[in-house]
Amino acid sequence: MSGRYPKLWEPIMVGKLEIKNRIVHPPTTTNFASATGEVTDLMVDHYRRIAEGGTGLIIVENTQVKYPEGKNVVRQLRLDDNKYIAGYQQLAEAAHLYDCKIFQQVHHAGRQTDLRISEGVQPISASESTCGIMQTTAREATKEDIKDLIERYSEAALRVKMAGMDGVEFHGAHGYLICQFLSPYTNKRTDEYGGSLENRMRFLLEIIERTREKVGPDFPICVRYSVEEFVPGGLTLDESKEIAKALEAAGVDLLDISCGIYESMQTLLDVMDYKEGWRVYQAEAIKSVVNIPVICVGNIRTPSIAEKIIAEGRADFVAISRGLLADPEWPKKAYEGREDDINKCISCNIGCIGNHVFADLHCRCTVNPLLGRRKEYVEITPAPEAKKVLVIGGGPAGMWAACAAKMRGHDVTLWEKSDRLGGTLYLAAAAPGKGKYIWPKAYLEKKLKDLDVKIELNKEATAADVGNMKPDTVILATGAVPILPDIPGKEKAVQGVDVLSGKVKDVGDNPIVVGAGLTGMDLCVVLGEQGKNITLVTRRTDQYLLTDGPGVDMEPIHRYWLFTTKIPNYKLKIVPFSTYKEVTDKGLIVVDKDGNENLVEGDTVILALGFTPNNRLAQELKGIVPQILTVGDSREPRRIINATYEGFQAGRMC
Ligand SMILES: Cc1cc2nc3c(=O)[nH]c(=O)nc-3n(C[C@H](O)[C@H](O)[C@H](O)COP(=O)(O)O)c2cc1C
Ligand code: SF4
């Protein structure tokens with residue numbers, strides 16, 4: 001059977017191991033490990049779901065070869081002792097239930113950690129250096145360290161084999177220890193492990209040699225490495241091709257091609273603005289110089305694009321990391337030709353990495369309320385009796401609520417006051433670089449249609465109308481409204497949301513944006529791209545890398561990308577440590593931190609001062625409707641990830 005997209009479904013050999021299709025779930029740290037580094041039931045179930053969804057090969061998230069020195073997140077797996085092996089055995093068994101092959105990535109963070117994560121142990125690197133992001137100085141590895149680490153990497157690989165997994169991957173990418181040795185950016189050594197490319201590769205090649213001795217000739221070895229680092233003096237494709245040839249000659253069976261290091265984070269955890277499959281050229285370049293299979297990765301979201309990559313021979317596998325967090329059934333749905341049923345990852349990085357794994361939390365997903373949650377908390381069971389459920393508001397919370405309630409067997413109606421569904425998704429998608437925020441709308445609309453939920457557009461809810469309908473449950477998902485401060489001249493100002501939505505079209509050439517939160521920063525991008533002279537008034541500092549600087553509420557990788565690649569091109573002046581006092585015909589009177597009043601001149605004052613819940617109906621419906629559930633921004637203005645989850649849960653539990 002070839003299914004839809006026949007090339008994606010062609011089996012392929014990695015060494016002597018057959019993989020049933022070309023879809024790989026690359027290593028994706030979840031923080032689902034225990035606090036002491038063991039595999040947990042939650043983690044086993046997570047990978048089981050991905051295997052069940054049809055993926056051919058899972059490469060499990062990175063595990064430590066040396067604890068705690070080599071740790072890169074607080075809840076990272078360990079494999080530095082035999083006592084951890086049994087957990088990996090469970091992972092292997094879970095994947096094998098579905099004929100999915102499973103490799104384990106082994107890892108040492110090198111300098112890309114800090115003392116908090118490494119539990120006070122100073123990090124090591126190829127040379128003494130400080131990662132620009134982690135800001136912790138690593139010491140140079142001694143020859144004894146190198147010898148010890150080679151032993152540890154190969155021991156970990158042997159444990160992977162002992163666990164019954166199908167192969168091992170060495171993490172030589174993303175600026176971690178092996179990458180630090182490979183790269184002239186971080187390797188300044190003058191001994192046989194530094195200098196020439198041959199010397200910089202020595203550490204990795206010795207790891208492979210020692211591993212082969214331990215795991216035998218047939219156990220697949222994969223290497224993931226960053227073929228372009230996108231930092232001055234970092235690895236480039238030319239050198240990376242030479243590395244590929246050396247790895248093949250050393251007996252490596254599979255190359256997993258990635259890019260970037262922490263200091264070019266937006267490339268390795270591709271921000272939303274990057275096109276689908278933008279970095280396939282890298283895998284293609286590597287594939288042109290080797291005969292072993294090559295994996296490509298990077299914002300691949302659509303089956304037809306994945307198929308094309310394989311069909312054109314640009315890579316042998318497509319890796320889908322976040323795409324399978326958003327929808328583990330991606331492969332199955334692609335195979336069955338149900339592309340429109342795929343809940344596509346929007347590359348927001350909020351749920352999975354930036355605001356979760358990097359913030360010591362479990363991995364979550366903006367568009368998938370099920371991710372990382374135990375079955376008993378997300379399972380939809382038939383309701384004991386069918387109720388009449390009215391959902392008010394057609395944004396993400398309302399759409400999820402309506403779907404989940406209908407799946408329980410309730411009689412569901414959704415009212416939306418505007419002429420379209422989507423709500424806040426439109427606002428989130430308004431700024432250049434954030435367009436994918438609208439994607440969940442199509443997915444949810446299709447789901448609502450398939451479930452046959454009754455939808456009434458242009459229907460503004462009143463207490464009387466709701467009363468007449470006599471619902472058993474109302475799920476209020478009416479969103480939030482922008483805050484209008486009570487200051488003199490406020491009627492002369494416009495709301496940022498109205499500029500983003502296009503309702504206010506003309507703000508002149510010299511707009512003043514008040515507030516440096518999410519809306520304020522989106523406005524800076526919209527207006528910056530139009531070449532306007534923007535003044536941004538903020539009570540925060542103007543130093544964006546400081547945590548309380550502009551855009552502090554943004555997802556950190558998007559923020560880093562914005563401030564390093566976009567904002568420098570805009571005509572943007574920041575007025576820090578200032579609050580608004582009065583809107584005048586000339587602009588905005590602000591008060592600085594010393595209490596001085598200053599006039600900031602400009603054409604239009606645009607307010608971006610946050611939101612307040614729009615839940616007036618909740619009060620009015622008390623006593624009229626037996627059950628009222630308030631979800632999403634109408635409960636408390638927050639992110640779309642909260643709307644998704646709360647909407648889903650309200651529908652599931654009503
Ligand atoms: C939450 C998260 C954790 C990740 N953890 C790892 C990891 O442990 N090892 C690794 O090599 N890459 C890791 N990555 C990078 C992914 O494997 C992948 O290369 C990247 O997300 C781009 O692919 P995608 O667009 O399909 O998500 C991680 C990415 C995310 C989003
Ligand atoms: S949180 Fe965002 S980036 Fe991460 S998997 Fe979900 S949609 Fe994709």
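**Exercise 1.** Determine which helices each supply at least two residues of the shell around ligand 2, and state how the residues of that shell divide by class.

*Solution.* 
Step 1. In this predicted model, the residues that surround ligand 2 are R322, L325, C345, I346, S347, C348, N349, G351, C352, R364, C365 and T366.
Step 2. Sorted by class, the shell around ligand 2 holds six nonpolar, four polar and two charged residues.

**Exercise 2.** Identify the cavity whose space ligand 2 takes, and describe the lining of that cavity.

*Solution.* 
Step 1. Ligand 2 takes the space of the second largest cavity, whose volume is about 90 Å³.
Step 2. The lining of the second largest cavity consists of 15 residues, and C345, C348, C352, C365 and T366 lie nearest its centre. Each of these residues is also named in the shell around ligand 2.
Step 3. Both α10 and α12 supply at least two residues of the lining of the second largest cavity. The largest share, three residues, comes from α10.
Step 4. By class, the lining of the second largest cavity comprises nine nonpolar, four polar and two charged residues.

**Exercise 3.** State how many cavities of 30 Å³ or more a search of the whole structure finds, and characterise the largest cavity by volume and lining.

*Solution.* 
Step 1. Rolling a probe the size of a water molecule over the atoms shows where empty space is left.
Step 2. For the largest cavity the volume is about 480 Å³. Its lining counts 35 residues, of which P27, T28, H174, L268 and L269 are the closest to its centre.
Step 3. At least two lining residues of the largest cavity come from each of β4 (57–64), α7 (265–268), α10 (322–326) and α12 (350–354).
Step 4. The lining of the largest cavity divides into 18 nonpolar, eleven polar and six charged residues.

**Exercise 4.** Locate ligand 1 among the cavities, and list side chains that place a polar atom at a stated distance from an oxygen atom of ligand 1.

*Solution.* 
Step 1. The space taken by ligand 1 is the largest cavity.
Step 2. Ligand 1 is surrounded by 23 residues, with P27, T29, Q105, N299 and R322 the closest. R322 is also named in the shell around ligand 2.
Step 3. By class, the shell around ligand 1 contains nine nonpolar, nine polar and five charged residues.
Step 4. For T29, an N or O atom of the side chain is 2.7 Å from an oxygen atom of ligand 1. For R224, a polar side-chain atom lies 2.8 Å from an oxygen atom of the ligand. For H171, the corresponding distance from a polar side-chain atom to an oxygen atom of ligand 1 is 3.0 Å.
Step 5. Ligand 1 exposes 610 Å² when taken alone, and the protein buries 97% of that area.

**Exercise 5.** Find where in the chain P68 and F230 lie, and describe the backbone geometry at each.

*Solution.* 
Step 1. P68 belongs to the loop between β4 and β5 (77–78). The peptide bond that joins Y67 and P68 is cis, with omega about -10 degrees.
Step 2. F230 lies in the loop between β11 (221–226) and α6 (237–249). Although F230 is not a glycine, its phi is positive, at about 55 degrees.

Terms used. Residues are numbered from 1 along each chain as its sequence is written. Chains are lettered from A and ligands numbered from 1 in the order in which they are written. This is a predicted model: local features need pLDDT of at least 70, side-chain atom pairs count only at pLDDT 80 or more; totals for chains, interfaces and linings use all residues. Side-chain values use heavy atoms; hydrogens and water are left out. On a 1 Å grid over the protein atoms alone, a cavity is a set of points where a 1.4 Å probe fits but cannot get out, and a pocket is an open set with protein on both sides within 12 Å along at least five of seven lines; lining residues have an atom within 4 Å of a point. Grid points are joined across faces, edges and corners, and a volume is the space filled by probe spheres set on the points. Helices (H or I, at least four residues) and strands (E, at least two) are DSSP runs, numbered from the N terminus. Ala, Val, Leu, Ile, Met, Phe, Trp, Tyr, Cys and Pro count as nonpolar, Asp, Glu, Lys and Arg as charged, and the others, Gly among them, as polar. A residue is near a molecule or strand if one of its heavy atoms lies within 4 Å of it. A molecule sits in a cavity or pocket if more than half of its atoms lie within 2 Å of its grid points. A polar contact is a pair of N or O atoms within 3.5 Å; within protein, one must be able to donate a hydrogen and the other to accept it, and residues adjacent in sequence count only if both atoms are side-chain atoms. Accessible areas come from the Shrake-Rupley method with a 1.4 Å probe; for residues, only the protein chains shown count as cover.
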